[in-house]
Amino acid sequence: MSQAEQNIVVDHAESRWSDLWTKEDYLAIWLGFLIIAVSLVAYFGFGPRAEFVPKIEAAAQIQEAEAARAPFKTVAWYTADDDKKKLKASSSVFGKFVSHWTKKPGSWKNNPVDAFIRTEAQAQALNVKAMPAYELARDKAKEALELARTAEAVAMAAAFVDEGLNDKAGAMIKDWRAADKKAADAKKKASQKAYNYVPGLIGLCLFFIVIFGAGVALMGKSFMAFAKGFFIVFLVTVLAYLLGGQAISKQYGFGAEAWGILLGMLIANTVGTPKWVLPSCQVEFFIKTGLVLLGAEVLFGKIMAIGLPGIFVAWVVTPAVLVTTYILGQKVIKMPSKTLNIVISADMSVCGTSAAIATAAACRAKKEELTLSIGLSLVFTAIMMIALPAFIKAVGMPEILGGAWIGGTIDSTGAVAAAGAFLGDKAMYVAATIKMIQNVMIGVTAFCVALYWCLRVERDACKIVGPIEIWHRFPKFVLGFLAASILFSIIDTALGKDLSTALIDQGAVRGGTRLLRGWFFALSFAAIGLSTNFRELARYFKGGKPLILYVCGQSLNLCLTLIMAYVMFYLVFPEITARI
Amino acid sequence: MFAPARVGSPPPRQRNGDPMKSLPLRLRDLCVALVVGVGFFQIFLPFLTRSVPILQETAVLLEKYDIDPSRYYYTDVRQVAEGEAYLRSALVRPDGTTCSSLH
């Protein structure tokens, strides 16, 4: 036997055909793909696709004709664009049904009941209150439209050859677009409806008991034991959504996921989680199924949304920071746990909570490690959301550069949008788009981490891991996650931008997979909290090494992202910055 | 759950091995934690927001733009779709072509 053959690890793990219906990873894939299949069939098979295609073609023809007619985007061009944006598959009967039965408690300020129930009278009162602002915004939009039309007519009368008139018309049309957006936002606030989410929540709880209970039964555990305790897990999740929907809590970035962990831990570490609830705390099953569904939202076509500068800021700096932070954690800070090190590194460099979940599941990190990473991310996100835009404003940094910096460094997407809004609309759009490109990276990150763990971390010293061993050890749900991502990316590209937006983004994703993905992650965090001990958690924080790692990694991230954003947006591609 | 310790049997223990506290003590701990939590989120944070101008400005902006900073993925944040549409509109010419440096 050659030396290389001797070094191949003996296959300790085994794969059996029965794994396909008894192992959590596979069951998460089947359940995730069942939901994906239902969403795709509902929106593509029975949905409004046939109705959308001619509408999109008609709008595209108008836009083509307008593009040939004028050197700027005309009023008719934008009107056709708006017509395309109005097409949403989730407005179909199926979309409304799914949306109704997966509703989570809403936002509230002073009265928690508002999160569950709003009467007709309350809705009416809100609409009456918001109506003057809407009417004012609507009148301004009408006025701006008239001015835009007039300016366009003047430019047209000069056969669109007078650059001064063309620029003026272009500027008027931009003003109209801004006024129109304000009117649309004001209309939303004046179109509140009555609701009662309680029956939907009861139905949803029963639905989850059936789908997850079936999986638990296939894993050889008791369906009844799961069903009995699940009510508590679901109740904690609903309470977490309720508290996360409170205005102050939202302002500080403390959402349902964080509340789930906190409430769960509060119960577990005071009165104690009842023993009969523990069989329902199927943390990994919830997370893995949620991740397979998240794959449907990881669309590779999104990475070109802002051209090459976005790729450099989000896809070059991010992996560099991730790898450097991990090495720093191992070699310099001497992190006691490799899994905690990689989860914090991914959480901090990629995109916060979602990256932490995906990475933790891919490297089989402990739930305390995931909790700790997310906790660190929440604290730093809340600080950076305020401090970073304040610093950018104080030093007079350009809006686009500030937006790109924010997008590449703040962890959570919502906080990125909030920080960007401080600097202005353009900064908010650039920041949010950079973050979106970074979000898409979690698929690659999860796959690479899972592979690295199989090949290097979990192997015996000085042994080469054979392909069969890699297969045995590889977390299979990652393949489901990637398969969903590739499937949706292919469909997204094949349909084209407009039809994909109407059927995938505003249909199968927003009207299907995303609704349940949110619930699955929230359930998993409540389950984590209910089964976590404060003392165990404190053990992972000993010496403050996770904090040091986060601070060092984030400092590097801040420096590299700023340099790359400046080089890309101001030195290499200044024309893109000028057009934004 | 909450089963009282029986005479002759070993005292109930928590999952970490420590002896289980009595129910009144555990309920007291829960109440204390809830009071601290409610105080922090309902009294301290609103006070902080009112006292620090930049935090007040944040609250106004979040309301104005309807942004939820606690949302972590891009599909959960409306401003991402708006940003994508804005950039597409700004970077793509009316006829759908882009300048070579974009892609």
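Reader: Which domains is chain A divided into?
Author: Quick heads-up that this is a predicted model, where local features need pLDDT of at least 70, side-chain atom pairs count only at pLDDT 80 or more, and totals for chains, interfaces and linings use all residues. Residues are numbered from 1 along each chain as its sequence is written, chains are lettered from A and ligands numbered from 1 in the order written, and side-chain values use heavy atoms, with hydrogens and water left out. The bounds come from an automatic or database domain assignment. That gives chain A domain 1 (117-196) and domain 2 (292-579).

Reader: And how far apart do those two domains of chain A lie?
Author: Here the distance runs between the C-alpha centres of domain 1 and domain 2 of chain A. It comes out at 36 Å.

Reader: How many residues does each chain bring to the contact?
Author: Contact means heavy atoms within 4.5 Å. By that rule, chain A brings 84 residues and chain B brings 60.

Reader: What area do chain B and chain A bury between them?
Author: Buried area is the accessible area (1.4 Å probe) that two parts lose on being put together, summed over both. Carbon and sulfur atoms carry 61% of it here. The total is about 6400 Å².

Reader: Which element gives the most to the side of chain B that touches chain A?
Author: Helices are DSSP runs (H or I, at least four residues), numbered from the N terminus. Those giving two or more residues to this side are H1 (23-51), H2 (53-65) and H3 (78-91) of chain B. With 14 residues, the top giver is H3(B).

Reader: Where does B:Arg71 sit in its pair with A:Glu257?
Author: Their side chains meet in a salt bridge at 3.0 Å, N to O. This pair crosses between chains, with A:Glu257 in helix H12 (residues 256-269) of chain A. B:Arg71 is in the loop between H2 and H3 of chain B.

Note on methods:
A salt bridge is a side-chain nitrogen of Lys or Arg within 4 Å of a carboxyl oxygen of Asp or Glu.
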